[in-house]
Structures are given as C-alpha cells and as structure tokens.
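Q: I have just opened this one and would like to go through it slowly. Could you take my questions as they come?

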Amino acid sequence: MNQVGTVVKVGLVLLGLSLAGYLMGPPLYWHFKEGLAAAVSHSASSYSCSPCVCDCSSQPLLTIPQGLSNASFADCAKRDPEVSEDTEKNFADLLTEELKLREGEALENQRRADMALLEAKKMTSQYQKEADKCNSGMETCEEAREKSEAALAAQKKLTVLWESRARQRGWKEGTSRSHAQSLGNVESM
C-alpha cells in the first residue's frame, strides 16, 4: 500500500509539473525570445551609426561605415525612377478609386436622406389634412351646439309664456292630465 501511495504522489507531482509547464511555458518562451533578440540588437548597435537621413534625393549617397564594403548597400539608397513613378501612379489610382467609392457612398446616403425627408413631408401633409378636417368638424359641432342651445333657450321662453297664459286662464298642473284624458274620451266618441 505504501508503494501505491508513493506512485500516486509521484504521478500527481509529474502531472502538476506538466500542467505548470503547459501554462507557463509559452509566456516564458516568448519572454526569453524577446530578451535574446534585445540582447542581439544591443550588441549589434554597439557600433555607433550616424542618424539615418530619409530624404535621399537631396543628400549624397549614404556613407558606408569603416569595415563594410557592400556595394549593394549604396545601391539601395539610389532612387529608381521607374519604380517610383509606378508606385506614385498606383498610389494615385488607389486614392482616386477610394475617393470615387466615398463619393458614391455619400451620394447614396444623400439619396436616402432625401427620400426620408420626402416621406416625412408626405406624412406631415397627411397629418395636417387630418387635423384640418378634425378642426373643421369641431367648428361645425360647436356651431350646431350653439344653435341648439339658442333654440332650447327660445323654446323654454315660449314654454314659460304658454304656461303663464294657461295659468291665467285657470290651468293647474295636476288637472291637465285628467282634463286631457277627458278630452280624449270625448273626441273618441
């Protein structure tokens, strides 16, 4: 039993170490690689170079430091007119194409905005017509209400006048029903 426990412990330790290596290995590798590259570039830069001049057309060819005798290095700084013209032409063509694309997008966006504006104007006009109809209907209803109120007031005045005349001639409110019924019986005969 003691040997099995030792084997399990050793297995767990190996599993833990492999897991730690799996997790920590890639970052450590890249960190080590960057450190190595920095050390190599630092040792290579121990030769002091003059700062690079980027405007090759106005300056003479780059001076080659002592100990370097590579003629192709000097050729690198020369300006190749054919390549330069082709590059400038391609660059100009690309810029022109990009401008045309952006102009097309801008025109399309403007067209959409114009369509949306036209649609909004149509909807506004439709709502304005509906509001005008509603206002007209409200005015008509208000006029009809005012006329009916005036007619009702006139009818009330007329009713009061007829009631006062009837009272002057001896009419009483409770007798009118029985009198009307008796008149109705007399007429039906």
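Q: How far is the sulfur of Cys-134 from the closest cysteine sulfur, and in which residue is that sulfur?
A: The closest cysteine sulfur to that of Cys-134 is in Cys-141, at 9.3 Å, which is too far for a bond. A disulfide is counted when a pair of cysteine sulfur atoms lies within 2.5 Å, and the structure holds zero disulfides.

Q: What is a disulfide in the first place?
A: It is a covalent bond that joins the sulfur atoms of two cysteines.

Q: Before we go on, what kind of model is this?
A: This is a predicted model, in which local features need pLDDT of at least 70 and side-chain atom pairs count only at pLDDT 80 or more, while totals for chains, interfaces and linings use all residues. Residues are numbered from 1 along each chain as its sequence is written, and side-chain values use heavy atoms, with hydrogens and water left out.

Q: Are those two cysteines buried or exposed?
A: Cys-134 is partly exposed, with a relative accessible area of 47%, whereas Cys-141 is exposed, at 54%. For these words, buried means under 20% relative accessible area, exposed means over 50%, and partly exposed is in between, using a 1.4 Å probe and protein chains only.

Q: OK, and the overall fold: how many helices and strands are there?
A: The protein chain has four helices and zero strands, and along the sequence the pattern reads α-α-α-α. Helices here are DSSP runs of H or I with at least four residues, strands are runs of E with at least two, and both are numbered from the N terminus.

Q: What share of the residues counts as buried?
A: Of the 189 residues in the protein chain, 2% count as buried. The accessible surface of the chain comes to about 17700 Å², and 62% of that belongs to carbon and sulfur atoms; such areas come from the Shrake-Rupley method with a 1.4 Å probe, and for residues only the protein chains shown count as cover.

Q: Which residues form a nonpolar patch on the surface?
A: Leu-19, Tyr-22, Leu-23, Met-24 and Leu-28 form that patch, with about 590 Å² of accessible area together. Leu-23 is placed in helix α1, residues 2-44, and counts as exposed at 53% relative accessibility. Patches are made of residues with over 30% relative accessible area and no salt bridge, where like charges are joined within 9 Å and nonpolar side chains (Val, Leu, Ile, Met, Phe, Trp, Tyr) within 5 Å.

Q: Switching to charges, how many salt bridges does a search of the whole structure find?
A: The search finds eight salt bridges, each being a side-chain nitrogen of Lys or Arg within 4 Å of a carboxyl oxygen of Asp or Glu. In general, side chains of opposite charge can pair when their charged atoms come close.

Q: Where do Glu-98 and Arg-102 lie?
A: Both lie in helix α3, residues 81-168, four residues apart, which is about one turn of the helix. Glu-98 and Arg-102 form a salt bridge whose closest N and O atoms are 2.9 Å apart; Glu-98 is partly exposed at 36%, while Arg-102 is exposed at 55%.

Q: And which residues are linked with Glu-108 in a network?
A: Arg-111 and Arg-112 are linked with Glu-108 in a network of salt bridges. Between Glu-108 and Arg-111 the closest N and O atoms are 2.7 Å apart, and, being three residues apart in helix α3, these two are separated by about one helical turn.

Q: Last topic, aromatics: how many aromatic pairs does the search find?
A: A search of the whole structure finds one aromatic pair. The rings of Tyr-29 and Trp-30 have their centres 5.3 Å apart and their planes at 70 degrees, so the pair is edge-to-face. Rings of Phe, Tyr and Trp (its six-membered ring) pair if their centres lie within 6.5 Å, with planes under 30 degrees apart counted as stacked, over 60 as edge-to-face and the rest as tilted.
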